[in-house]
Amino acid sequence: MSMKSLLALSALLLSASPAIADDFLYLRCKQSVDLVTTNLTTSKTIEDRTVDDVSILKIDFIKKTILDTRSAGPLSFTVQNNVMNVLTKSDDDELKINDVFKLNLFPPYSNSSRGTIVFKTKNKTNAHSANGFCKEVDASVFEKALKESEN
């Protein structure tokens, strides 16, 4: 293979996947979220609704973390078949969280999530499922949203 065709092939491979081409990927995601809130004692539905949600994400492919401008800190992820998987599990005195978030790392950047949050002190649980799409944005869009969420 000539040097010229090797360079062309390398350029093609690098442009094909943001995970290879860049250390960071910034996305603005719109999801439709189905949310069902239930009373833990009676198992009765308190609320059943669908909401539109927007999140702005920073994906760090070196550290393998994802940060939503609204979250307390970054979460670790794994990648399998060009799909990012973020598993969130936690259990303390107030909350029990079990959530799975998936993001296709090729455009169109489709995403989905499913999970439950048990609010132990409030005696209720939220079950949610979401589906949506993301678009690439500039780092400045993420930084601006992060500053706004801190205020």
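In what order do the 9 strands form the open sheet? I began my notes with this point, after writing down the ground rules.

**Ground rules.** I am reading a predicted model, in which local features need pLDDT of at least 70, side-chain atom pairs count only at pLDDT 80 or more, and totals for chains, interfaces and linings use all residues. Residues are numbered from 1 along each chain as its sequence is written, and side-chain values use heavy atoms, with hydrogens and water left out.

**Entry 1, the chain.** I looked up the elements and found 3 helices and 9 strands in the protein chain. I take helices (H or I, at least four residues) and strands (E, at least two) as DSSP runs, numbered from the N terminus. Along the sequence I read the pattern α-α-β-β-β-β-β-β-β-β-β-α. Of the 151 residues, 30% are buried. Here buried is under 20% relative accessible area, exposed is over 50%, and partly exposed is in between (1.4 Å probe, protein chains only).

The order is 4-3-2-1-9-8-7-6-5, in an open sheet with antiparallel pairing. Two strands pair if DSSP finds at least two bridges between them. At the edges I find strand 4 (75–76) and strand 5 (78–80), each of which pairs on one side only.

I then went through some of the pairs. Strand 1 and strand 2 run antiparallel and are joined by 15 bridges; L25 has I59 in strand 2 as its bridge partner. The hairpin of these two strands has 5 residues between them, and S43 there takes a positive phi near 65 degrees. Strand 1 is also joined to strand 9 by 13 bridges, again antiparallel, and T37 stands opposite N126 in strand 9. Strand 9 pairs with strand 8 (residues 109–119) over 11 bridges in the antiparallel sense, with S110 opposite F133.

Which strands does helix 3 lie across? I noted that helix 3 (residues 139–150) lies across strand 1, strand 2 (45–60) and strand 3 (65–68). Helix 3 runs at about 130 degrees to strand 2. The axes are lines fitted to C-alpha atoms, for helices over the stretch in contact (heavy atoms within 4.5 Å), and angles run from 0 to 180 degrees between N-to-C directions.

I looked for cysteine sulfur atoms within 2.5 Å of each other, which is the disulfide rule, and the count came to 1. The pair is C29 and C134, with sulfur atoms 2.0 Å apart. C29 is in strand 1 (residues 24–39) and C134 in strand 9 (residues 124–136), 105 residues apart. Both C29 and C134 are buried. The link is right-handed, with 105 degrees about the S-S bond.

How many salt bridges does a search of the whole structure find? I find 4, each a side-chain nitrogen of Lys or Arg within 4 Å of a carboxyl oxygen of Asp or Glu.

One of them joins R70 and D53 at 2.7 Å, N to O. R70 lies in the loop between strand 3 and strand 4 and D53 in strand 2, so the pair ties together parts that are 17 residues apart in sequence. R70 is partly exposed, at 47% relative accessible area, and D53 is partly exposed at 23%.

R70 also meets D68 in a salt bridge, at 3.1 Å, N to O. D68 is buried, at 17%. Shared partners join D53, D68 and R70 into one network.

Elsewhere, K120 meets D91 at 2.4 Å, N to O. K120 lies in the loop between strand 8 and strand 9 and D91 in strand 6 (residues 83–91), so this pair ties together parts 29 residues apart in sequence.
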